[in-house]
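Here are my notes on the model you asked about, written for someone opening it for the first time. Have it in view while you read.

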Amino acid sequence: MLTFIIRRVLILPIILFGVTLLIFGMTCLINPYQRLSIYVTNPAALKGGPEAMQRLIHKYGLDRPVWDQYYSWLVKVLHGNLGRSESARMPVTEALGKFLPATVELVFYSAWPVVLLGIWLGYISATHQDSPIDHVTRLMAITGWALPIFVLGLVLLMIFYGVLGWFPPGRLSLWARQYVQSSAWHTYTGLYTFDAILNGNGRILLDALRHLVLPVITLSYASWALILRIMRSSMLETLRQDYVTTARAKGLVESIVLKKHARRNALIPVATISGLMIFTMLGGVVLTETIFDIHGMGRFAAQAAIQIDIPTIMGFALFFGLIMVFANLLVDISYGFLDPRVRLE
Amino acid sequence: MKRFLKSRMLKKLLANPLSLIGIVLIIFFTAIAVGAPWLAKPVYGNHYIIPRDGFTSTPNPPSAEHLFGTTQGQYDIYYGIIWGTRTAFRVGLIVVAFIVLIGVLIGSISGFYGGVIDEVMMRVTDIFLTFPFLVAAMVLVVVLGKSLNHVMIAMIVFGWMGYARVIRGDILSIKENDYVSAARAVGASDVRIIFRHVLPNAIYPIFVMATMDIGAMVLTAAGLSFLGLGSPVGYADWGQMISFARNWILGTHGNALQYWYTVIYPGMAIVLFVLGWNLVGDAFRDILDPRMRGSR
């Protein structure tokens with residue numbers, strides 16, 4: 001197991017190197033004038049017309065060979081300088097830090113119920129194959145995969161905010177926002193639900209949760225549909241294995257056969273997919289936050305994209321890339337724990 | 001033999017109610033795409049430009065003149081959906097054709113030759129897989145500039161990895177088979193072995209993935225259009241039509257659902273289109289996957 005982990009960790013620098021190379025490669029597709037904005041953190045420096053720009057291009061070496069540029073860019077990034085975000089009017093690193101908590105909160109509440117619900121429904125669906133329950137869950141799973149986040153989100157808003165007025169968009173109501181900005185409130189994590197508990201403020205907690213309901217459903221629907229499908233087919237496959245037949249043949253109670261012998265093994269592929277689910281979710285965050293007006297990284301990136309704010313979008317890509325690299329590593333390692341065969345691969 | 005398999009497959013496809021719905025949906029949308037010039041008479045030289053009836057921002061409800069109503073800016077929703085079907089097919093088919101091609105090429109080379117080539121190519125694949133698809137495509141579109149073609153290019157650049165991995169895995173196992181050694185023994189070239197003996201045996205999972213991906217690609221393209229990164233304003237594109245609806249989900253006081261048609265019609269078009277491909281893809285998988293054979 002240890003060699004397996006070491007091997008995975010040793011690949012890490014190569015992957016990180018590749019990720020930075022890919023992002024840098026993308027920035028090379030734009031002209032030096034636009035690229036300048038990734039380097040300059042102080043907007044005043046950009047004033048002074050084409051000559052000043054030329055000087056800056058020379059200063060940051062944007063007229064030098066590509067590998068030279070890559071090296072200096074990498075050094076800059078390693079120092080935490082990602083340029084200045086025009087759409088947020090602050091350095092990109094600072095903006096990412098500011099918008100991170102909202103996204104973390106959204107993903108946190110979307111992730112774990114999805115896994116539990118998806119596994120449970122997939123299990124039910126497989127053990128009742130071809131029954132009405134199976135058909136309904138399968139249909140839900142397939143529509144879940146076909147239902148775009150932006151359509152689901154808008155329809156949910158239309159019904160639960162427009163008609164019923166239960167779940168408004170945003171992160172907090174106006175009064176709560178004012179309270180959160182007052183001195184009576186201590187910010188610990190930036191996640192309003194967590195902070196509300198730490199502050200001992202039940203009203204803020206309820207308000208924050210109320211605002212989370214729709215975005216969480218919107219973001220997680222596609223993912224639990226996926227997990228349900230994987231769980232169902234994995235369970236069906238496991239149920240056809242010889243050891244399940246053996247367990248049945250020796251007279252074990254059916255529920256023990258299903259739960260102890262089949263379900264445990266069926267969970268292995270689900271574990272990998274649960275890790276991959278983070279991909280789907282982090283992608284979906286962009287759309288979900290845009291629709292529900294949650295000031296997180298996704299909405300920030302979407303706005304930067306529309307305004308062609310190159311430094312922001314590149315900083316965002318780099319940040320997401322890093323998160324994914326480490327998430328992948330964790331998934332790989334946990335998979336190694338779950339399934340001994342992986343370690344020998 | 002081939003015909004037999006086809007007919008048996010068709011029979012199975014038609015026997016399952018879910019896949020039957022899928023087939024009907026795909027035929028339905030194909031008919032709309034083909035019949036677009038008759039179903040919605042083009043007004044401009046570029047048929048994909050949605051005609052406008054005035055410039056008022058408030059959407060107008062369905063009427064005899066505008067079957068599905070108009071969006072903000074008075075774009076005709078019916079026209080947009082009909083011609084948007086062509087856009088959807090174009091995006092889905094072109095993107096999937098390219099990602100399958102690239103993925104199969106990289107996967108086969110990687111799997112067949114192994115060693116250093118394999119290692120390098122798979123690490124490159126890993127690196128491309130690092131970014132969530134929508135995010136990666138979004139970043140590349142921003143760099144390339146907003147347009148539908150750039151959206152397609154971006155999706156191709158970040159879409160091939162799944163195919164490469166699947167094909168590689170299959171080839172690794174197929175290449176150990178006796179018939180491949182036999183082919184090599186009689187002096188068949190690498191290219192011939194890959195195309196005649198290895199690929200045909202590895203192609204089924206690719207086929208299933210591609211069917212599903214047509215829907216998925218249309219979904220992502222619509223998402224990017226929704227964010228305002230796709231086609232220019234007024235182009236027949238489902239994602240963009242839904243982005244038009246964003247400001248109108250609340251309606252007026254006392255009539256909260258007043259502008260329902262701005263979301264529901266384009267939304268239905270996307271959902272049904274993607275659903276069709278998913279249902280058929282799902283059925284293909286159940287039929288083609290030998291482990292699933294005989295399970296029903």
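The points below go from the two chains to their interface and then to a few single residues.

1. Ground rules. This is a predicted model, in which local features need pLDDT of at least 70 and side-chain atom pairs count only at pLDDT 80 or more, while totals for chains, interfaces and linings use all residues. Residues are numbered from 1 along each chain as its sequence is written, and chains are lettered from A and ligands numbered from 1 in the order in which they are written.

2. Chain A. Its secondary structure comes to 15 helices and two strands; helices here are DSSP runs of H or I with at least four residues, strands are runs of E with at least two, and both are numbered from the N terminus. Along the principal axes, the C-alpha atoms of chain A fill a box of roughly 85 × 55 × 35 Å. Of the 345 residues of chain A, 40% count as buried. Buried means that 20 or more other C-beta atoms lie within 10 Å of the residue's own; exposed means 12 or fewer, partly exposed is in between, and C-beta atoms are placed from the backbone. Take the contacts in chain A between residues at least 6 apart in sequence: 73% of them join residues at least 24 apart. A contact is a pair of residues whose C-beta atoms, placed from the backbone, lie within 7 Å.

3. Chain B. Here you'll find 11 helices and zero strands. The box filled by the C-alpha atoms of chain B, taken along the principal axes, is roughly 75 × 45 × 40 Å. Buried residues make up 47% of the 296 residues in this chain. For contacts in chain B with a separation of 6 or more, 68% come from residues 24 or more positions apart.

4. The interface. How many residues of chain A are in contact with chain B? There are 44, and they meet 44 residues of chain B. Elements giving two or more residues to the chain A side include helix 1 (2-27), helix 6 (132-146), helix 7 (149-163) and helix 12 (254-292). Helix 7 of chain A supplies the largest share of that side, eight residues. By class, the chain A side has 34 nonpolar, seven polar and three charged residues. For these classes, Ala, Val, Leu, Ile, Met, Phe, Trp, Tyr, Cys and Pro are nonpolar, Asp, Glu, Lys and Arg are charged, and the others, Gly among them, are polar.

5. Helix 7 of chain A. This helix has 15 residues and reaches 20 Å from its first C-alpha to its last, close to the 21 Å expected at 1.5 Å a residue; the expected span is 1.5 Å times one less than the number of residues. Its buried residues include A:Ile149, A:Phe150, A:Leu156 and A:Met158. What covers the buried residues of helix 7 includes helix 10 and helix 12 of chain A, along with helix 9 (190-226), helix 10 (238-245) and helix 11 (260-288) of chain B. Just after helix 7, A:Gly165 takes a positive phi of about 70°.

6. Helix 1 of chain A and helix 4 (residues 115-129) of chain B pack at an angle of about 60°, with their axes 9 Å apart. Axes are lines fitted to C-alpha atoms, for helices over the stretch in contact, and angles run from 0 to 180 degrees between N-to-C directions. On the chain A side, A:Ile14, A:Ile15, A:Gly18, A:Val19 and A:Leu22 meet B:Arg123, B:Val124, B:Asp126 and B:Ile127.

7. A:Trp145. Look for this residue in helix 6 of chain A. Why does A:Trp145 count as buried? Because 23 other C-beta atoms lie within 10 Å. Not counting residues up to four places away in sequence, A:Trp145 touches A:Ala222, A:Ala225, A:Leu226 and B:Asn278. The C-alpha atoms of A:Trp145 and A:Ala222 are separated by 5.3 Å, though the two residues are 77 apart along the chain.

8. B:Gly230. Its place is in the loop between helix 9 and helix 10 of chain B. B:Gly230 is buried, with 26 other C-beta atoms within 10 Å. Leaving aside neighbours within four places in sequence, its contacts include B:Leu148, B:Val151, B:Asp237 and B:Gln240.

Conventions: Two residues are in contact if their C-beta atoms, placed from the backbone, lie within 7 Å.
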